Amino acid sequence: MTTMIGFDDVRLGFGGVEVLDGVGFGVGEGEFVSVLGPSGCGKSTLLNIAAGFLRPDSGEATVAGEPVTGPDHRRGVVFQQYAIFPWLTVEKNIGFGLTLRANRRSREERRAQVARYVELMGLQGFEKSLPKTLSGGMRQRVALARAYATEPQVLLMDEPFAALDAQTREYLQELLVETTQTERRTTMLITHSVEEAIFLSHRVVVLGNRPTRVREVVDVPVPFPRTPESRLQPEFLAVRRHLEDLMRSESTTSARS
Amino acid sequence: MTTMIGFDDVRLGFGGVEVLDGVGFGVGEGEFVSVLGPSGCGKSTLLNIAAGFLRPDSGEATVAGEPVTGPDHRRGVVFQQYAIFPWLTVEKNIGFGLTLRANRRSREERRAQVARYVELMGLQGFEKSLPKTLSGGMRQRVALARAYATEPQVLLMDEPFAALDAQTREYLQELLVETTQTERRTTMLITHSVEEAIFLSHRVVVLGNRPTRVREVVDVPVPFPRTPESRLQPEFLAVRRHLEDLMRSESTTSARS
Amino acid sequence: ACGALDEGSGDTKGTVKAKKGSTVVKVGYLHTIAVDDKLWLGQVAGYWAKQGLDLKLTKFDTGIAEAQALNAGSIDVAIMGGVTSNFPAQGQGKVFMLNSIENATAQIWVQPGSEITNVKQLKGKKVVTTTGTTADILLLRALTKAGVSRSDVTVVNAAMPDAVQAFNSGSVDAIVLWVPFDLRVKEADPGASMIASAGDYPDAAVGDGWVANNAWYAKHQATVKKIVAGWLQSNAAFRKDPSGSLQKVWKVAYSQDAKLSDLQHQVKYQTDYTNAEWLQRYENGQVLDVVGTAEKAFVALGGLPSFVEPKTFFDTSLFVDVAKQAS
Amino acid sequence: MVLAVVAWWLVSLVMTGAKQVPSPAATLHAAVVGFTEHDLLLDLRLSVLRVLIGVAIGCAVAVPVGFVLAWYRPLRLMFEPLVSFFRALPPIALIPLVIVYLGIGEQARLSVLSYAAFFAAVVVIYESVAAVDDIYVRAGRAMGASGLELFARIVVPYTVPQVFVAVRVALGIAWATLVAAELTVAQRGLGTYIQDAANFSRKPDLFAGIVLIGLSAVVMDRVLVAVMRVSVRWQDRVAR
Amino acid sequence: MVLAVVAWWLVSLVMTGAKQVPSPAATLHAAVVGFTEHDLLLDLRLSVLRVLIGVAIGCAVAVPVGFVLAWYRPLRLMFEPLVSFFRALPPIALIPLVIVYLGIGEQARLSVLSYAAFFAAVVVIYESVAAVDDIYVRAGRAMGASGLELFARIVVPYTVPQVFVAVRVALGIAWATLVAAELTVAQRGLGTYIQDAANFSRKPDLFAGIVLIGLSAVVMDRVLVAVMRVSVRWQDRVAR
Ligand SMILES: Nc1ncnc2c1ncn2[C@@H]1O[C@H](COP(=O)(O)OP(=O)(O)OP(=O)(O)O)[C@@H](O)[C@H]1O
Ligand SMILES: Nc1ncnc2c1ncn2[C@@H]1O[C@H](COP(=O)(O)OP(=O)(O)OP(=O)(O)O)[C@@H](O)[C@H]1O
Ligand SMILES: [Mg+2]
Ligand SMILES: [Mg+2]
């Protein structure tokens, strides 16, 4: 399995505060890896490095074997702050990437693609709405749809389901598991939900408190395709217990120290 | 028990789209009520009505028996988008409410209060940081601290824990349960987590799809003070199963229709 | 220019149109009667047209702008006031004819009830004028004669309408103006009084002149002669019937701007000669003297680095030729 | 607006003598005489056109220049001082140079107006680009937007409200520069009309000219505001 | 900047005869003579002071007025047309009126400069208030901020970057209005110096005056930018 996303001893500090203290792990082609870690430990920073928006102080991030030097449209990014364009309607936001030279599609293809994601995200009836008239969860779904629509080979997602109710979230998780399987997208997902991390991933990377290193990389021995029943398998529950223990031991110090 | 927050047949539409279709429920003094509902159903809209930022088309919202006509500092609000001030440091953001005429404290009191919440929220070392240098979860904690710091009698919170990792979230939930008990604050919490809703609340209000009405108000027969073990009590699990069923039956139609 | 921005042909009702194939001359002028009187009479009576000339007129507010435009070639010929003795001396254009002599148009006025009665008392006072003009020359001459140093007087500069406003509002002690602004002063307060005029100082007279762009002048001697010829006809007509001519000029060029009585008042302060008298003054060098005297004032005022003989920038020969032929 | 006219009328009643203010009626009368007898409409039309063209040219240049300056650091370091230098030069001081180098034709006037409009607009645009939220630029780049696309598809739409502000500012400045621009020996135009009125001390005409300038500017501004309302619907405008 | 001087110098070599441009050296010489013999420093000082005071007064009024207009709808509806009316009036056209009603003292000049600065700044401020994100206003109101507090603690800090833009614009406009302002029969000042140089057609002096105005403006602008950098550290500035 070739490594699609690789971090090699990545270090980064902001004005004296050390954040990433030698982070190293890899995501294979078609693999789905989730990253867990306490709030403020450096997860978004790591994702920004893979996306090409930040340069590590030392160490290296690679995508498809090449060092990351800047953003690239073959890497789809869902930002923690959504970043949907306030001046565009829902459908124009979703279709945005497909109008760019790097990824241009014909008008019909674009229309079809947009319609497909409007439907998948349950945004029907809001195609012509401006972002300021959407609820928080709807904005997040627009951001997701926009990243999916360009069908990038590598997906980098920063807490994409945080503002969604449990049922919408589960529905989208299942959707994601499905597409990851059928289209073999390489995905790195940042999340705060242990359950979500396990359900979606081949492997889960657990980061420690700032300054951050990888504490453990946990394999999820639950076979694909996964269904809602997978959540109840003993392997699933075992990994869950392990991760929860791991997180707990770290986090109390984070929130109180 | 006097009703602190009351909604009486509240209706509201945005430019033709009906959102709230006669919502009615009440929150008693010192009571903690969570609101669950599918994404985009109108939860934030409801909270904005209680906060005094939106006026219903018909029906009425009351706080402490008086009709809501505008915002009031005795109602603390945590917004879904955090809304911390980008031009103020963390400590100035937290202390902001205490420098306003409506709620002014002496410099020492303010400093003490700010220090207390910086510590409770685990933001030590970032007192002088500007919001743009904070992680998503840290911003959310600043927004929480800012709302708590003024010690309002009524707290209105819109998904305040969405961007937090599970452990920080649990820690803050316990904190909230504690303060609600000791200081008898009336709280209305919007959340997507059934577990969180049950753990914190006396009662849980479940809203239906847009146009929204109250589908059910569920009592949580788990005695206070609640501890992590409460989550495993049969009453807790029963309510949880009931709510999850309720939500599921509603949400699939929401996300796909 | 683009059609929408067409300012109109400049033809005014009541003027005689030029014949087809006439020589076009771009003429700039100041809209003051001592400068544009013969010009407009020529337009009304068709003297220019008769010479086969088609004058395209451009009105200027100041001689300074005129000199700039002339220099840049935007106009071929400019009719100027006092600066006739200044800018051509700096090499900016050739004078080929005088239009009239302003001998008393400039005047010094003081506030109503002022204790100032003569120029000497201006010492230490605040005087407003437009620097570099006829009025400024008068001030220089008057102060010199009274033995007052210019540095002992606070001279402030303003465009003449503004200067009058400043004077009328009582902000300055005195104003050095040119007609017809004396009327504006008197209108505002009849008590204001004149303590000196250029008529009192022979060396304060200035010649208003026709000045040609250097390059254009070198190439168009024949056209210049036609201008002189047309001007001679206009001047002759003016001298024959001064008030009738003035009325014609007022009607075509001034009716919107000023009352006829204003113009009648104004022409009293300028000196005009018959064609024969002019010829005599060209031949004996008196016109050069008038220009030279004013030029010296500009040197003293710091407008010119050094004195240049008027004959180097004032070519009197063409006028003399044409005038002799005509007579 | 009505109140302002009433105030003016009261002032004109109170002020008499040398400081007399022409009443609204006298001014209106002067304007009517101007329109019927002296083709004041031509002056008005010429000046309106000059301002429109000047602002159009000035802003058409200011928008790309402002964006490019904000976008490329080295260019900015080089050109920013030059911009503040030339922006500060008083149009009247430049008139002599304009006459010498650009003549006294229409292009001289349009140059002065474009010049003024350009420098008024460029700073506003420049600063608005600097205030674009970085997150949108990142989102665009993540989707593979090229430099030009970032610019055209993200920076430009985001700053549209500020571009309108820039145009409004430029429009005001252009009108305020009109008299100076027409000092380049314009034969007709509101500025010339005003200058003439001042030269011959015709106060009602002076007032009529000034009022016409003000009114033309108000009308243009209203139109611009209406267009802006429609174009920036996406922005949450706080003004209540 | 250096490039600009070189360009100027080259132009001055090429342009000769009637359209001659004074070379940088000739201009510098004129300036040196001015400083040593004619107390040009006094002119410079007077003009700098006038501009500073004018901008200070203009902006001091424009900031609250701009905020209040943006904040109160009825006031806005009443005053917005008036603002665009008066903003458009050319300073030169107003000079005769200024002289009549304000005289020819320092206050006349300061009034003209303040006037220009005020109207330049007020639109920028006004629009920036309209662009304040509603969410911050709501947060403030939820914490019980009164109208005044909202204004002073939220709207003002949020719009500080735009206020700086407004001041920068006002500064440029004030300098550009200097010559007109000094047409109110000022005795000394750079505008007067330029006007004098133009009256006597002394081109090197004219250039020296113009360059001094430009340089003074650049210096002031740089200072302002430096102050701004410090004050708006909180803003994510996209310019790279
Ligand atoms: N200003 C507005 N203009 C028009 N429609 C609006 C506006 N604000 C909200 N809406 C609409 O009202 C509905 C409810 O929005 P609201 O934000 O209350 O949802 P919510 O329940 O909070 O959802 P979420 O869980 O996703 O935050 C949505 O369909 C939204 O599009
Ligand atoms: N631009 C910046 N300047 C200074 N410090 C920064 C900057 N960006 C991030 N940081 C700091 O880096 C640390 C990690 O931030 P990051 O956003 O990566 O956290 P995170 O793991 O994504 O947290 P969360 O789960 O809360 O989103 C934080 O302490 C934050 O304060
Ligand atoms: Mg993050
Ligand atoms: Mg919401």
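A salt bridge here is a side-chain nitrogen of Lys or Arg within 4 Å of a carboxyl oxygen of Asp or Glu. By that rule, Asp221(E) pairs with Arg87(D), their closest N and O atoms being 3.4 Å apart. This is a predicted model, with local features needing pLDDT of at least 70, side-chain atom pairs counting only at pLDDT 80 or more, and totals for chains, interfaces and linings using all residues. As for bookkeeping, residues are numbered from 1 along each chain as its sequence is written, chains are lettered from A and ligands numbered from 1 in the order in which they are written, and side-chain values use heavy atoms, with hydrogens and water left out.

Contact (heavy atoms within 4.5 Å) takes in 73 residues from chain E and 73 residues from chain D. Between them the two chains bury about 6300 Å², 67% of it on carbon and sulfur atoms; buried area is the accessible area (1.4 Å probe) that two parts lose on being put together, summed over both. The interface holds 6 salt bridges. There are also 12 residue pairs in polar contact, both residues at pLDDT 80 or more. A polar contact is a pair of N or O atoms within 3.5 Å; within protein, one must be able to donate a hydrogen and the other to accept it, and residues adjacent in sequence count only if both atoms are side-chain atoms. On the chain E side, helix 10 (residues 203-231) supplies the largest share of what touches chain D, namely 13 residues. Helices (H or I, at least four residues) and strands (E, at least two) are DSSP runs, numbered from the N terminus. Sorted by class, that side of chain E has 53 nonpolar, 6 polar and 14 charged residues. For these classes, Ala, Val, Leu, Ile, Met, Phe, Trp, Tyr, Cys and Pro count as nonpolar, Asp, Glu, Lys and Arg as charged, and the others, Gly among them, as polar.

Chain E also meets chain B, with 24 residues from chain B and 20 residues from chain E in contact. Here about 2100 Å² is buried between the two chains, 67% of it on carbon and sulfur atoms. In chain B, Trp87(B), Leu100(B) and Lys132(B) lose the most area to chain E, together 30% of what that side buries. The salt-bridge count between chain B and chain E is 0, while 4 residue pairs (both at pLDDT 80 or more) are in polar contact. Strand 6 (75-78) and helix 2 (90-99) of chain B each bring at least two residues to the side that touches chain E, and helix 2 gives the most, with 3 residues. That side of chain B splits into 14 nonpolar, 5 polar and 5 charged residues.

Next come the metal sites. In chain A, the magnesium ion (ligand 3) has Ser44(A) (OG) and Gln80(A) (OE1) as its protein donors, at 1.9 to 2.2 Å. Ser44(A) sits in helix 1 (residues 43-51) and Gln80(A) in the loop between strand 6 (75-78) and helix 2 (90-99), so the pair ties together parts of chain A that are 36 residues apart in sequence. Donors are N, O and S atoms within 2.8 Å of the metal (3.2 Å for Na, K and Ca); water is not among the atoms, so sites may look incomplete. Gln80(A) counts as buried at 17% relative accessibility, where buried means under 20% relative accessible area, exposed over 50%, and partly exposed in between (1.4 Å probe, protein chains only). Ser44(B) and Gln80(B) are both buried.

Over all chains, the salt-bridge count comes to 56. One of them joins Glu244(A) and Arg240(A) at 3.2 Å, N to O; these residues are 4 apart in helix 7 (residues 234-256) of chain A, about one helical turn. Glu244(A) is partly exposed at 24%, and Arg240(A) is partly exposed at 27%. In chain C, Asp54(C) and Lys56(C) meet at 3.5 Å, N to O, with Asp54(C) buried at 18% and Lys56(C) partly exposed at 36%. Lys324(C) and Glu283(C) also form a salt bridge, at 3.1 Å. Lys324(C) lies in helix 13 (residues 317-326) and Glu283(C) in helix 11 (residues 275-283), so this pair links parts of chain C that are 41 residues apart in sequence.
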